[in-house]
Amino acid sequence: MSCCDQEIQTFVNASTVSIPYTSSMLSLYGSRPTVNVYYQTNTGYEAAGVFTRVELQGNPINTIFIDNGGPATGFVKIS
């Protein structure tokens, strides 16, 4: 994995986000990817806080599940 490998998934007005974790993602990011969630605000984007739940589901991982705690717009960065 290089320093700059990442994938961005956007979401709009979504309470939950489910991202299939493909075999190509597994080869790029491994079995424990770093998942960061950012929400759109009036001034740009803000990192998710304690009310956001991120789950790596399956063994091996087959889904990244995010519960935004209510409708939200933003993006997920996987690396």
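Where is the place of Pro60? Select Pro60 and look: this residue is in the loop between E4 and E5. Keep that loop in mind; the tour returns to it. One caution before going on: this is a predicted model.

**Stop 1: the whole chain**

Show the chain as a cartoon. There are one helix and five strands. Follow the chain along the sequence and the pattern reads β-α-β-β-β-β. The radius of gyration is 13 Å, close to the 12 Å that the globule rule gives for 79 residues, so the chain is as compact as a globular protein of that length. Along the principal axes, the C-alpha trace spans about 35 × 25 × 20 Å.

The chain exposes about 5000 Å². Carbon and sulfur atoms supply 49% of that area. Of the 79 residues, 29% count as buried.

How much of the contact list joins residues 24 or more positions apart? Among contacts with a separation of 6 or more, such pairs account for 68%.

**Stop 2: the core**

Hide the surface. Select Phe11, Ile19, Ile64, Ile66, Val76 and Ile78. These residues have the most contacts inside the largest nonpolar core, which has 16 residues. Next, colour the elements that give two or more residues to this core: strand E1 (7-20), helix H1 (23-29), strand E2 (35-41) and E5. Which of them gives the most? It is E5, with five residues.

**Stop 3**

Buried or exposed? Asn13 has 57% relative accessibility, so it counts as exposed.

**Stop 3: the E4–E5 hairpin**

Select residues 53-57 for strand E4 and residues 63-78 for strand E5. The two strands pair in the antiparallel sense over five bridges. Together E4 and E5 form a hairpin, with five residues between them. Click Gly58 in the turn: its phi is positive, about 95°.

Now go back to Pro60.

**Stop 4: the charged trio**

How many salt bridges does a search of the whole structure find? It finds two.

Start with Glu55 and Arg53. Their side chains meet in a salt bridge at 2.0 Å, N to O. Then move to Arg53 and Asp67, whose side chains meet in a salt bridge at 3.1 Å, N to O. This second pair links distant parts of the chain: Arg53 is in strand E4 and Asp67 is in strand E5, 14 residues apart. Asp67 is also the bridge partner of Arg53 in E5.

Salt bridges that share partners join Arg53, Glu55 and Asp67 into one network. Finish by checking how open each residue is. Arg53 counts as partly exposed, at 39% relative accessibility. Glu55 is partly exposed too, at 25%. Asp67 is partly exposed, with a relative accessible area of 22%.

Notes
Residues are numbered from 1 along each chain as its sequence is written. This is a predicted model: local features need pLDDT of at least 70, side-chain atom pairs count only at pLDDT 80 or more; totals for chains, interfaces and linings use all residues. Side-chain values use heavy atoms; hydrogens and water are left out. Two strands pair if DSSP finds at least two bridges between them. Helices (H or I, at least four residues) and strands (E, at least two) are DSSP runs, numbered from the N terminus. A nonpolar core is a set of buried Ala, Val, Leu, Ile, Met, Phe, Trp, Tyr and Cys residues joined through side-chain atoms within 4.5 Å. Buried means under 20% relative accessible area, exposed over 50%, partly exposed in between (1.4 Å probe, protein chains only). The radius of gyration is taken over C-alpha atoms; the globule rule is 2.2 Å times the number of residues to the power 0.38. Contact means heavy atoms within 4.5 Å. Accessible areas come from the Shrake-Rupley method with a 1.4 Å probe; for residues, only the protein chains shown count as cover. A salt bridge is a side-chain nitrogen of Lys or Arg within 4 Å of a carboxyl oxygen of Asp or Glu.
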